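Visitor: I am new to this structure and would like to learn how to read its features. Please take me through them one at a time.

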Amino acid sequence: MAGKGTPATAVLAKQQVAHTLHTYQHDPKHESYGLEAAEALGVEPARVFKTLVADIDGKLTVGVVPVTGQLDLKALAAAVGGKRAKMADAAAAQRATGYVLGGISPLGQRSRLPVVIDSSAEGFGTVFCSGGRRGLEMELAPADLVRLTNATVATIAG
């Protein structure tokens, strides 16, 4: 499975975006997928972003925040002009994105969901996010991630 591409990596290749793929051995006992990635890759955790799916007024929306923070649901709702926000049901998130929990990438999702990336990403030359499966991270410029996901950038991490 290590050499197998994902829909996320296919988007990067098709769009010819400069990126680096990083793999590590996923430990199913680890409590946090994102912190596990940061530790395994020896990367500052603030540069590693997790992809979370929320339900905003009945519509699934993706929030991309540093693994060191929490998704502020009110801020996410405000960023997309919504009112009520809650974390999406895990099965719904997996169905909509085509990825498993811990491997949900903001790129190459089955359904094109609105994406909001925390503004802290802009403070780094490159950021890391899931490449579409557990144990695979992609490193790319924040501006490329924003462009490829057609994301809104807002302060959504608490």
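Guide: Start with contact, which here means heavy atoms within 4.5 Å. Two notes on the source come with this. The model is predicted, and local features need pLDDT of at least 70, side-chain atom pairs count only at pLDDT 80 or more, while totals for chains, interfaces and linings use all residues. Residues are numbered from 1 along each chain as its sequence is written, and side-chain values use heavy atoms, with hydrogens and water left out.

Visitor: Which residues is Met138 in contact with, leaving aside its neighbours within four places in sequence?

Guide: Met138 is in contact with Ala8, Leu12, Thr20, Leu21, Ser105, Leu107, Val127, Phe128, Cys129, Ser130 and Gly131.

Visitor: Which residues of the largest nonpolar core touch the most other members?

Guide: In soluble globular proteins, nonpolar side chains tend to be buried together. A nonpolar core is a set of buried Ala, Val, Leu, Ile, Met, Phe, Trp, Tyr and Cys residues joined through side-chain atoms within 4.5 Å. Buried means under 20% relative accessible area, exposed over 50%, and partly exposed in between, with a 1.4 Å probe and protein chains only. The largest core here has 25 residues, and Leu12, Val53, Leu107, Ile117, Met138, Leu140 and Leu145 touch the most other members.

Visitor: Which elements each supply at least two residues of this core?

Guide: Helices (H or I, at least four residues) and strands (E, at least two) are DSSP runs, numbered from the N terminus. At least two core residues come from each of H1, strand S2 (49–56), strand S3 (59–66), helix H4 (90–97), S5, S6, S7 and H5. S3 gives the largest share, three residues. There is also a second, separate core of ten residues, including Ile56, Leu71, Ala75 and Val116.

Visitor: In what order do the three strands of the open sheet stand?

Guide: Strands of a sheet pair through backbone hydrogen bonds, either parallel or antiparallel. Two strands count as paired if DSSP finds at least two bridges between them. The three-stranded sheet has the order S1-S7-S6, with antiparallel pairing. Strand S1 (19–23) and S6 stand at the edges with a single partner strand each, so one side of each is left without a neighbour in the sheet. Neighbouring strands of this sheet are turned by 30° against each other on average, direction ignored. For such angles, axes are lines fitted to C-alpha atoms, for helices over the stretch in contact, and angles run from 0 to 180 degrees between N-to-C directions.

Visitor: How many bridges join S1 to S7, and how many pair S6 with S7?

Guide: Five bridges join S1 to S7, and Thr23 has Leu136 in S7 as its bridge partner. S6 and S7 pair over four bridges, with Cys129 opposite Met138 in S7. S6 and S7 form a hairpin with five residues between them, and Gly132 in the turn has a positive phi of about 110°. H1 lies across S1 and S7, running at about 25° to S7.

Visitor: What is the order of the open sheet of five strands?

Guide: The order is S4-S2-S3-S5-S8, with mixed pairing. Strand S4 (85–87) and strand S8 (152–154) are at the edges with a single partner strand each, so one side of each has no neighbour in the sheet. The twist averages 35° from one strand to the next. S2 and S3 pair in the antiparallel sense over eight bridges, and the bridge partner of Ala54 in S3 is Thr61.

Visitor: Why do the buried residues of H5 line one face of the helix?

Guide: An α-helix has 3.6 residues a turn, so residues three or four places apart point the same way. In H5 (residues 142–149) the buried residues are Pro142, Asp144, Leu145, Leu148 and Thr149. Seen down the axis of H5, they fall within an arc of 160°, so they line one face of the helix. The arc is that of the directions from the helix axis to the C-beta atoms. Their cover includes helix H1 (7–14), strand S5 (115–118), strand S6 (127–130) and strand S7 (136–140). Asn150 follows H5 and has a positive phi, near 55°.

Visitor: Is Gln109 buried or exposed, and is Arg112 buried or exposed?

Guide: Gln109 is buried, with a relative accessible area of 14%, whereas Arg112 counts as exposed at 66% relative accessibility. Gln109 lies in the loop between H4 and S5, and Arg112 lies in the loop between H4 and S5. Leaving aside neighbours within four places in sequence, Arg112 is in contact with Leu148, Thr149 and Asn150.
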